[in-house]
Amino acid sequence: MAHADVFRTPLHSELSTNSIDHALPTISRLPPELLAHVFALYVEDATARDAQSALRWVGITHVSRRWRQVALQDHSLWRRIPFRSGQRWADEFVIRSGPMPLEVSLEYDQAWNPVWPAHLLVKHFPRVERLLLRDKDPSLARSDVGLLDQPAPSLVSLSIQTIATTRFNLPLRPFDDHAPCLRHISIRRCPRFPWTSPVLRNLVSLRVALVATVHPPSSTEVLDAVRQMASLEELALLGDLPRFSRRMELPPPPIPTIELPRLRSLELQGYLHDCAGIIQPLRVPATATLHLSARWEGPAAEMRVLFPLLAAGGWFAAPCPFVTFWSSADDNFAVSARRAAATGAQGADLDVVLQLFWEDARSEWSSFDCMKAVTEALFVPKDLLDLQLFVHPAWTPDAWAALFHGAERMRAVGVDRYSGPALFRALAEHGGEEAPFLPRLCSMRISMVVLEMGRDGVLERTDAGRNLFACLKVRAEHGAPIETLSMFKCRVEGCVEDLKKIVPFVECL
Amino acid sequence: MPTIVSVDDSTVPGEGSSRLLLLVSSDNKHIVVEEDIMSRSRFISKQVEGFEATSQRHAILLPFSSFVLNKVIEYCSHYRGYYLLEDDPDAAPPGRSPVREWDQEFLDVDRNMLLRIIKAAHYLEIKSLVGSCARAIADMIRGKTTEEMREILGVENDFTPEEEHSPSSKCTG
């Protein structure tokens, strides 16, 4: 181009002296901030992958003088204290981290249960930004030396993952009521949660698995605490939830609502009425997701108490309402469900992903009767979109057809090594009929099914594999193809390519 | 600071609706690129703001080769119109650096090229590309011994024997 000629000569001479890549580049010539950036990613990756070898990354300080200088001057590299590497290294890291906030992970077990880490931390607790306390042995003695009583001006995230319920109890006034930056709490096995503490008010995420105590919190106390957490984005309350009345009135009586305008996900796990009691007052965005795992041992029809509440709260407008029912009383379920069905109980008109689990199923037929009765009692099958099944492998194709009779909207199903082979066979045998069951089924999730096995160096398809291929082919031939197939922990050695010829999207996880 | 040379307006493509920039590499190659593509570069954006203040058009002289510059332009073209958090000057830096599949393929180049790209990205203040290059380099040394790191990245061992064998805790830099 003509305009370039105007300044080509002077530019060329000037640039040749200024060029940053005129010589063979070496990493030693990178500016220190770039080298530090590389180190930060390397350390982040190394510590995330292998927490037990927290010192391995320190090898970068032995590569060259410049690497050592850059690494030592970058305080942020040293802020994850490797307590299990010994007190000398822990002290060294605390010093080298300078003024940086600290990330602390104390994971105790039978072989490592010293007191000195807590003593060291007490001195530097104002700098602690993330604190994880974990034990892997219920017999370990308490050794937190009042760590959780200390003011925590920098603490953002607290996670307590213990087996022993008494090891790291949160005091009633955690952090001396001073943790202004605290945003995330996750506690497993918490016998006593400080629901009235002011440090909870700025929380963005709260995940607590409560365990039964002599003095459980009142439902009012818990709801009042949640009401104060207006910034919550994630809330998970699991285990022994505060007790609500076992007599649910329909429609529920008006109670003060709790506005959680930022909530993205709610997870509840506990007895049915306690879950319902927490859901009832909540007002959340329509985009919030719900994962509900409700346990109930009473009459199956009473499980329906949840659905008006869920519908009123807008949960079923959410992207993925996920509801799981648990029962420890298989026969009780079956009998109750039959009774509910016989008295004309109707399911809510809802789109719902339903998971049904039965513990201690005594025989395949009782499980089948139970499931069929419950699905009929609780849900009109035609409203089911997705069903995750964990049932006995001896179900016959006719049993499957009876279960899914009328489930014409169902688009996805999840099966495991027990239910999968039986369902594949049923779908193959009923797929060629004029009105096959599950006509709109287009997605299958399969976990832990062996599709191919090696014998004498040769791969052979198992019965489950043969039936899966048969059902995929027959559905494709009859205009009801499966379009996505997700396989989790399945043995599929030689057949993925063959599956891809029939199913457009196949993924192996 | 970059060298800025005045350019005759009539000779610069881009008059009219489409705004174009003239980038000049250290090997004196002239590359015309749409301003929108290079807006991910804080350095270029600042230069353009300067142009607007003086109502003059300029060529932007860059101290790296056209080969490297073209790679950077390819990156910026790919992400044209995309929002990347790292490149947002008003956003807090992300907690963990994201891993982008396309970047991994794009940066599947030899060591020397990778180092040239990261330096260019640093110069041009394209934080997302700096981050992806840094991750690529970090990946190269992941799980490697000290000696292997030296070999992979061409680093000379300049420690004295005493320094080399001293524990890191004794080293104060």
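**Entry 1: helices of chain A**

I began with helix 8 of chain A and found A:L272, A:H273, A:D274, A:C275, A:A276, A:G277, A:I278 and A:I279 buried. That makes eight of its eight residues, and helix 8 of chain A is mostly covered. I keep in mind that this is a predicted model.

Next I looked up helix 6 of chain A, residues 116-124. Here A:W116, A:P117, A:A118, A:L120 and A:L121 are buried. I asked what the buried residues of helix 6 of chain A pack against. They pack against helix 5, strand 1 and strand 2 of chain A.

Then I noted the totals for chain A. I counted 15 helices and 19 strands. Of its 509 residues, 52% count as buried. The accessible surface of chain A is about 22600 Å², and 53% of that belongs to carbon and sulfur atoms. I also looked at contacts in chain A with a separation of 6 or more: residues 24 or more positions apart account for 71% of them.

**Entry 2: a hairpin in chain A**

I turned to strand 16 (residues 452-455) and strand 17 (residues 458-461) of chain A. They run antiparallel, and four bridges join them. A:E452 stands opposite A:R461 in strand 17 of chain A. The two strands form a hairpin with two residues between them. In the turn, A:D456 has a positive phi of about 50 degrees.

**Entry 3: strand 2 of chain B**

I moved to chain B and picked strand 2, residues 20-24. Are its residues buried or exposed? Five of the five are buried, so strand 2 is largely enclosed by the rest of the structure. I checked each face. B:L20, B:L22 and B:V24 lie on one side, B:L21 and B:L23 on the other, and all are buried.

Which strands pair with strand 2 of chain B? Strand 3 (residues 30-34) of chain B pairs with it in the antiparallel sense over five bridges. Strand 4 (residues 58-61) of chain B runs parallel to it, and three bridges join the two. The hairpin of strands 2 and 3 of chain B has five residues between the strands. There, B:N28 takes a positive phi near 65 degrees.

**Entry 4: nonpolar cores**

I looked up the largest nonpolar core and found 126 residues. Among those that touch the most other members are A:W67, A:F83, B:L23 and B:L129. I followed A:W67. Leaving out residues up to four places away in sequence, it touches A:I27, A:L35, A:F39, A:I60, B:I141, B:M149, B:L153 and B:V155. A second, separate core has 37 residues, including A:L389, A:V449, A:M487 and A:V503. In soluble globular proteins, nonpolar side chains tend to be buried together.

**Entry 5: a buried aspartate**

I stopped at B:D103, which sits in helix 4 (residues 101-106) of chain B. It has 2% relative accessibility, so it counts as buried. What does B:D103 contact, apart from neighbours within four places in sequence? I found B:Y75, B:Y79 and B:S132.

**Entry 6: cysteines**

How many disulfides are there over all chains? The count is zero. I checked A:C508. Its sulfur is 7.6 Å from the closest cysteine sulfur, in A:C490, which is too far for a bond. A disulfide needs the two sulfur atoms within 2.5 Å. A:C508 is partly exposed, with a relative accessible area of 41%. B:C76 is buried, with a relative accessible area of 1%.

**Entry 7: confidence**

I ended with the predictor's scores. The complex gets an ipTM of 0.85 and a pTM of 0.70. Chain B has a mean pLDDT of 82, and 79% of its residues reach 70 or more.

Over residues 1-17 of chain B, pLDDT stays under 50. The model has 39 contacts for this stretch beyond four places in sequence. Over residues 169-173 of chain B the pLDDT is below 50 too, and the stretch has 12 contacts beyond near neighbours in sequence. Where pLDDT is low, the predicted coordinates should not be read in detail.

Notes:
Residues are numbered from 1 along each chain as its sequence is written. Chains are lettered from A and ligands numbered from 1 in the order in which they are written. This is a predicted model: local features need pLDDT of at least 70, side-chain atom pairs count only at pLDDT 80 or more; totals for chains, interfaces and linings use all residues. Side-chain values use heavy atoms; hydrogens and water are left out. Buried means under 20% relative accessible area, exposed over 50%, partly exposed in between (1.4 Å probe, protein chains only). Two strands pair if DSSP finds at least two bridges between them. pLDDT is the predictor's confidence in each residue, from 0 to 100. Contact means heavy atoms within 4.5 Å. A nonpolar core is a set of buried Ala, Val, Leu, Ile, Met, Phe, Trp, Tyr and Cys residues joined through side-chain atoms within 4.5 Å. Accessible areas come from the Shrake-Rupley method with a 1.4 Å probe; for residues, only the protein chains shown count as cover.
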